[in-house]
Amino acid sequence: DTTHGRILYLEDVHVSFDGFKAINGLNLDIAPGELRCIIGPNGAGKTTMMDIITGKTRPDSGTVFFGSTIDLLRHNEPQIAQLGIGRKFQKPTVFEQLTVFENLELALKTHKGVKHSMFFRLDSTQSDRLAEVLHTIHLAGSVHRMAGELSHGQKQWLEIGMLLMQDPKLLLLDEPVAGMTDDETARTAELFLRLKGQHSLMVVEHDMSFIATISEKVTVLCDGSVLAEGTLAQVQADERVIEVYLGR
Ligand code: ADP
(Lines give C-alpha, C1' and ligand atoms only; values in the text may rest on other atoms or scores of the structure.)
Protein backbone atom coordinates (compact mmCIF):
# COMPACT_ATOMS: atom_id res chain seq x y z
CA ASP A 1 0.00 0.00 0.00
CA THR A 2 1.93 2.99 -1.29
CA THR A 3 -0.45 5.55 0.23
CA HIS A 4 -0.05 4.31 3.81
CA GLY A 5 0.47 7.10 6.34
CA ARG A 6 -0.63 9.86 3.98
CA ILE A 7 -3.65 12.09 4.29
CA LEU A 8 -3.14 13.44 0.78
CA TYR A 9 -1.32 11.92 -2.13
CA LEU A 10 -0.88 13.37 -5.62
CA GLU A 11 1.08 11.55 -8.29
CA ASP A 12 1.99 12.78 -11.77
CA VAL A 13 -0.97 15.14 -12.04
CA HIS A 14 -1.43 17.11 -15.26
CA VAL A 15 -3.88 19.85 -16.20
CA SER A 16 -3.90 21.99 -19.33
CA PHE A 17 -6.02 25.02 -20.10
CA ASP A 18 -6.22 25.53 -23.87
CA GLY A 19 -2.92 23.73 -24.33
CA PHE A 20 -1.16 25.63 -21.52
CA LYS A 21 0.19 23.26 -18.88
CA ALA A 22 -0.91 24.81 -15.57
CA ILE A 23 -0.08 21.61 -13.65
CA ASN A 24 2.66 19.53 -15.18
CA GLY A 25 3.65 16.31 -13.41
CA LEU A 26 2.82 17.34 -9.86
CA ASN A 27 3.68 14.96 -7.00
CA LEU A 28 2.75 15.73 -3.43
CA ASP A 29 2.47 13.88 -0.15
CA ILE A 30 0.99 15.21 3.08
CA ALA A 31 1.23 13.21 6.30
CA PRO A 32 -1.62 13.07 8.83
CA GLY A 33 -1.34 15.99 11.27
CA GLU A 34 1.22 17.79 9.13
CA LEU A 35 1.30 21.56 8.61
CA ARG A 36 2.65 22.10 5.09
CA CYS A 37 3.41 25.46 3.55
CA ILE A 38 3.20 25.93 -0.20
CA ILE A 39 5.07 28.79 -1.81
CA GLY A 40 5.86 29.69 -5.40
CA PRO A 41 5.75 32.63 -7.79
CA ASN A 42 2.51 33.84 -9.38
CA GLY A 43 1.25 31.39 -11.95
CA ALA A 44 3.09 28.46 -10.34
CA GLY A 45 -0.14 26.47 -10.09
CA LYS A 46 -0.96 26.83 -6.38
CA THR A 47 -4.62 27.76 -6.90
CA THR A 48 -5.09 25.13 -9.60
CA MET A 49 -3.61 22.50 -7.27
CA MET A 50 -6.15 23.40 -4.57
CA ASP A 51 -8.92 23.38 -7.19
CA ILE A 52 -7.92 19.83 -8.11
CA ILE A 53 -7.83 18.61 -4.50
CA THR A 54 -11.28 20.10 -3.77
CA GLY A 55 -12.84 18.78 -6.99
CA LYS A 56 -13.34 22.17 -8.61
CA THR A 57 -10.99 21.30 -11.46
CA ARG A 58 -10.66 17.84 -12.99
CA PRO A 59 -7.09 16.87 -13.94
CA ASP A 60 -6.35 15.48 -17.41
CA SER A 61 -4.35 12.65 -15.84
CA GLY A 62 -2.74 11.54 -12.60
CA THR A 63 -3.66 10.19 -9.17
CA VAL A 64 -5.27 12.12 -6.31
CA PHE A 65 -5.94 10.16 -3.10
CA PHE A 66 -7.33 11.23 0.27
CA GLY A 67 -6.03 8.83 2.91
CA SER A 68 -5.07 5.42 1.58
CA THR A 69 -8.44 4.44 0.15
CA ILE A 70 -10.38 7.43 -1.18
CA ASP A 71 -9.85 8.27 -4.84
CA LEU A 72 -10.78 11.96 -4.99
CA LEU A 73 -11.14 11.84 -8.77
CA ARG A 74 -14.24 9.72 -8.22
CA HIS A 75 -15.91 12.42 -6.11
CA ASN A 76 -17.38 15.83 -6.89
CA GLU A 77 -16.86 19.09 -5.03
CA PRO A 78 -19.66 18.79 -2.41
CA GLN A 79 -18.77 15.15 -1.75
CA ILE A 80 -15.13 16.08 -1.18
CA ALA A 81 -16.17 18.73 1.36
CA GLN A 82 -18.29 16.11 3.15
CA LEU A 83 -15.35 13.69 3.16
CA GLY A 84 -13.47 16.17 5.35
CA ILE A 85 -11.52 18.58 3.15
CA GLY A 86 -12.21 22.19 4.10
CA ARG A 87 -11.05 25.13 2.01
CA LYS A 88 -10.67 28.74 2.95
CA PHE A 89 -10.27 31.32 0.23
CA GLN A 90 -8.28 34.48 0.77
CA LYS A 91 -11.20 36.82 1.37
CA PRO A 92 -13.25 36.14 4.52
CA THR A 93 -16.83 35.11 3.81
CA VAL A 94 -18.65 35.23 7.12
CA PHE A 95 -22.27 36.27 7.59
CA GLU A 96 -21.85 39.85 8.75
CA GLN A 97 -25.42 40.21 10.06
CA LEU A 98 -25.10 37.17 12.32
CA THR A 99 -23.22 36.87 15.60
CA VAL A 100 -20.02 34.85 15.99
CA PHE A 101 -22.06 32.12 17.71
CA GLU A 102 -24.69 32.08 14.95
CA ASN A 103 -22.03 31.83 12.25
CA LEU A 104 -20.50 28.76 13.92
CA GLU A 105 -23.92 27.21 14.53
CA LEU A 106 -24.88 27.79 10.91
CA ALA A 107 -21.69 26.07 9.70
CA LEU A 108 -22.58 23.03 11.78
CA LYS A 109 -26.20 22.97 10.55
CA THR A 110 -25.05 23.22 6.94
CA HIS A 111 -22.63 20.36 7.47
CA LYS A 112 -25.31 18.21 9.10
CA GLY A 113 -27.81 19.07 6.36
CA VAL A 114 -30.33 20.41 8.88
CA LYS A 115 -33.47 21.47 7.00
CA HIS A 116 -35.76 22.91 9.65
CA SER A 117 -33.17 25.06 11.35
CA MET A 118 -35.80 26.89 13.48
CA PHE A 119 -36.09 23.76 15.59
CA PHE A 120 -32.40 22.95 15.64
CA ARG A 121 -30.71 22.95 19.05
CA LEU A 122 -27.10 22.03 19.67
CA ASP A 123 -26.72 18.88 21.72
CA SER A 124 -24.17 18.87 24.55
CA THR A 125 -21.35 17.41 22.42
CA GLN A 126 -21.96 20.08 19.79
CA SER A 127 -22.07 22.85 22.42
CA ASP A 128 -18.79 21.64 23.87
CA ARG A 129 -17.26 21.53 20.42
CA LEU A 130 -18.47 25.07 19.68
CA ALA A 131 -16.96 26.35 22.94
CA GLU A 132 -13.69 24.61 22.14
CA VAL A 133 -13.61 26.12 18.64
CA LEU A 134 -14.36 29.60 20.04
CA HIS A 135 -11.36 29.26 22.30
CA THR A 136 -9.12 27.95 19.51
CA ILE A 137 -9.97 30.88 17.21
CA HIS A 138 -9.43 33.48 19.96
CA LEU A 139 -13.08 34.60 19.91
CA ALA A 140 -14.37 33.25 23.22
CA GLY A 141 -14.82 36.84 24.41
CA SER A 142 -16.77 37.86 21.30
CA VAL A 143 -19.46 35.15 21.08
CA HIS A 144 -22.39 37.54 20.79
CA ARG A 145 -20.75 40.21 18.66
CA MET A 146 -21.95 40.67 15.09
CA ALA A 147 -19.45 39.22 12.65
CA GLY A 148 -19.59 42.48 10.70
CA GLU A 149 -18.06 44.31 13.69
CA LEU A 150 -14.99 42.06 13.87
CA SER A 151 -11.55 43.08 12.64
CA HIS A 152 -10.26 41.58 9.39
CA GLY A 153 -8.12 39.09 11.32
CA GLN A 154 -11.01 38.06 13.57
CA LYS A 155 -13.21 37.45 10.52
CA GLN A 156 -10.50 35.19 9.10
CA TRP A 157 -10.40 33.25 12.38
CA LEU A 158 -14.17 32.99 12.45
CA GLU A 159 -14.17 31.50 8.99
CA ILE A 160 -11.55 28.97 10.09
CA GLY A 161 -13.83 28.24 13.06
CA MET A 162 -16.73 27.63 10.68
CA LEU A 163 -14.62 25.06 8.85
CA LEU A 164 -13.64 23.47 12.17
CA MET A 165 -17.32 23.00 13.07
CA GLN A 166 -17.43 20.62 10.09
CA ASP A 167 -14.66 18.41 11.52
CA PRO A 168 -12.27 18.54 8.57
CA LYS A 169 -9.34 16.16 8.38
CA LEU A 170 -7.52 18.42 5.94
CA LEU A 171 -7.69 22.21 5.74
CA LEU A 172 -6.55 24.16 2.69
CA LEU A 173 -5.88 27.80 3.44
CA ASP A 174 -5.11 30.47 0.85
CA GLU A 175 -2.94 33.32 2.15
CA PRO A 176 -4.48 33.29 5.63
CA VAL A 177 -2.44 36.18 7.05
CA ALA A 178 -2.73 38.57 4.10
CA GLY A 179 -3.92 41.94 5.43
CA MET A 180 -3.48 41.00 9.08
CA THR A 181 -1.71 43.14 11.68
CA ASP A 182 1.51 41.76 13.18
CA ASP A 183 -0.34 40.81 16.33
CA GLU A 184 -3.07 38.99 14.39
CA THR A 185 -0.41 37.21 12.33
CA ALA A 186 1.34 36.00 15.49
CA ARG A 187 -1.95 34.76 16.94
CA THR A 188 -2.75 32.99 13.66
CA ALA A 189 0.56 31.13 13.93
CA GLU A 190 -0.47 30.10 17.44
CA LEU A 191 -3.85 28.95 16.10
CA PHE A 192 -2.27 26.81 13.36
CA LEU A 193 0.16 25.20 15.77
CA ARG A 194 -2.82 24.30 17.94
CA LEU A 195 -4.67 22.74 14.97
CA LYS A 196 -1.67 20.79 13.76
CA GLY A 197 -1.73 17.19 14.90
CA GLN A 198 -5.52 17.02 15.08
CA HIS A 199 -5.88 18.21 11.50
CA SER A 200 -3.61 18.31 8.48
CA LEU A 201 -3.09 21.78 7.06
CA MET A 202 -1.94 23.02 3.69
CA VAL A 203 -1.18 26.71 3.74
CA VAL A 204 -0.42 28.76 0.64
CA GLU A 205 1.39 31.85 1.86
CA HIS A 206 3.78 34.56 0.66
CA ASP A 207 4.72 35.88 4.10
CA MET A 208 8.09 34.20 4.76
CA SER A 209 8.42 35.36 8.35
CA PHE A 210 5.02 33.84 9.09
CA ILE A 211 6.09 30.59 7.43
CA ALA A 212 9.27 30.60 9.52
CA THR A 213 7.17 30.66 12.70
CA ILE A 214 4.85 27.78 11.78
CA SER A 215 6.46 25.46 9.37
CA GLU A 216 8.39 22.27 9.36
CA LYS A 217 8.24 21.54 5.67
CA VAL A 218 7.87 23.87 2.70
CA THR A 219 7.01 22.90 -0.86
CA VAL A 220 8.02 25.26 -3.65
CA LEU A 221 5.83 25.05 -6.73
CA CYS A 222 6.96 26.39 -10.08
CA ASP A 223 5.57 25.85 -13.59
CA GLY A 224 3.04 23.34 -12.29
CA SER A 225 5.35 20.98 -10.45
CA VAL A 226 7.48 20.78 -7.31
CA LEU A 227 10.75 22.67 -7.65
CA ALA A 228 12.04 22.07 -4.14
CA GLU A 229 10.94 20.69 -0.79
CA GLY A 230 12.43 20.91 2.68
CA THR A 231 12.70 23.24 5.64
CA LEU A 232 12.30 26.96 4.88
CA ALA A 233 16.07 27.41 5.37
CA GLN A 234 16.79 24.58 2.92
CA VAL A 235 14.52 25.83 0.16
CA GLN A 236 15.65 29.44 0.62
CA ALA A 237 19.25 28.30 0.11
CA ASP A 238 18.34 26.32 -3.02
CA GLU A 239 19.87 27.89 -6.17
CA ARG A 240 16.85 27.03 -8.32
CA VAL A 241 14.46 28.62 -5.83
CA ILE A 242 16.57 31.79 -5.61
CA GLU A 243 16.63 32.02 -9.39
CA VAL A 244 12.84 31.71 -9.62
CA TYR A 245 12.25 34.35 -6.97
CA LEU A 246 14.85 36.80 -8.21
CA GLY A 247 13.34 36.74 -11.69
CA ARG A 248 14.34 34.60 -14.57
P1 ADP B 1 -0.92 30.50 -8.66
O2 ADP B 1 -2.10 30.27 -7.78
O3 ADP B 1 0.31 29.78 -8.21
O4 ADP B 1 -0.65 31.95 -8.91
P5 ADP B 1 -2.64 29.41 -10.72
O6 ADP B 1 -2.96 28.03 -10.34
O7 ADP B 1 -3.67 30.45 -10.46
O8 ADP B 1 -1.24 29.85 -10.10
O9 ADP B 1 -2.33 29.47 -12.27
C10 ADP B 1 -1.41 28.64 -12.93
C11 ADP B 1 -1.41 28.98 -14.40
O12 ADP B 1 -2.59 28.49 -15.02
C13 ADP B 1 -1.39 30.50 -14.66
O14 ADP B 1 -0.53 30.74 -15.75
C15 ADP B 1 -2.83 30.80 -14.99
O16 ADP B 1 -2.90 31.90 -15.86
C17 ADP B 1 -3.32 29.52 -15.64
N18 ADP B 1 -4.76 29.27 -15.40
C19 ADP B 1 -5.32 29.00 -14.20
N20 ADP B 1 -6.64 28.77 -14.33
C21 ADP B 1 -6.92 28.90 -15.65
C22 ADP B 1 -8.12 28.79 -16.45
N23 ADP B 1 -9.30 28.48 -15.90
N24 ADP B 1 -8.01 28.99 -17.79
C25 ADP B 1 -6.82 29.29 -18.35
N26 ADP B 1 -5.67 29.41 -17.66
C27 ADP B 1 -5.71 29.22 -16.33
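This is a guided tour of a predicted model, one selection at a time.

**Whole chain**

Start with everything shown as cartoon. The protein has nine helices and 10 strands. Its C-alpha atoms fill a box of roughly 55 × 40 × 35 Å along the principal axes. A compact globule of 248 residues would have a radius of gyration near 18 Å, and the value here is 19 Å, which agrees. Colour by burial next: 40% of the 248 residues count as buried. Residues 24 or more positions apart account for 65% of them.

**Strand 1 and its two partners**

Zoom in on residues 8-17, which make up strand 1. Eight bridges join strand 1 to strand 2, and the two run antiparallel. Then follow the chain to the turn. Strand 1 and strand 2 form a hairpin, with two residues between them. Asp18 sits in that turn and has a positive phi of about 50°.

Now look towards strand 4, residues 61-66. Here five bridges make the antiparallel link to strand 1. Tyr9 stands opposite Phe65 in strand 4. Glu11 has Thr63 of strand 4 as its bridge partner.

Stay in strand 1 and pick Asp12. Phi of Asp12 is near 50°, a positive value in a residue other than glycine. Most residues other than glycine have a negative phi. Is Asp12 buried, exposed or partly exposed? Asp12 counts as partly exposed, because it has 13 C-beta neighbours inside 10 Å, and the buried class needs 20 or more.

**Helix 1**

Go back to helix 1 and show side chains. Helix 1 is mostly covered, with seven of its eight residues buried. The buried residues are Lys46, Thr48, Met49, Met50, Asp51, Ile52 and Ile53. Step just past the end of helix 1 to Gly55, where phi is positive, about 85°.

**The ligand**

Around the ligand are Phe17, Phe20, Ala22, Gly40, Asn42, Gly43, Ala44, Gly45, Lys46, Thr47 and Thr48. Which elements give two or more residues to this shell? They are strand 2 and helix 1. Helix 1 gives the most, with three residues. Colour the shell by class: four residues are nonpolar, six are polar and one is charged.

**Lys217**

Lys217 and Ile30 are 187 residues apart in sequence, yet 10.0 Å apart in space, C-alpha to C-alpha. Leave aside the neighbours of Lys217 within four places in sequence. Its contacts are then Arg36, Glu229, Gly230 and Thr231. Lys217 is partly exposed, with 17 other C-beta atoms within 10 Å.

**Asp167**

Next, pick Asp167. This residue lies in the loop between helix 5 (152-164) and strand 7 (170-174). Asp167 is not a glycine, but its phi is positive, about 50°. With 13 C-beta neighbours inside 10 Å, Asp167 counts as partly exposed.

**Glu243**

End at Glu243, which is found in helix 9 (residues 239-245). Is Glu243 buried or exposed? Glu243 is exposed: 12 other C-beta atoms lie within 10 Å, and the exposed class takes residues with 12 or fewer. Glu243 and Val218 are 25 residues apart along the chain, and their C-alpha atoms are separated by 17 Å.

Terms used:
Residues numbered from 1 in each chain as written. Predicted model: local features only at pLDDT ≥ 70, side-chain atom pairs only at ≥ 80, totals over all residues. Helix = DSSP H or I, 4+ residues; strand = E, 2+ residues; numbered from the N terminus. Rg over C-alpha atoms; globule rule 2.2 N^0.38 Å. Contact = placed C-beta atoms within 7 Å. Pairing = 2+ DSSP bridges. Near = placed C-beta within 6 Å. Nonpolar A, V, L, I, M, F, W, Y, C, P; charged D, E, K, R; others polar.
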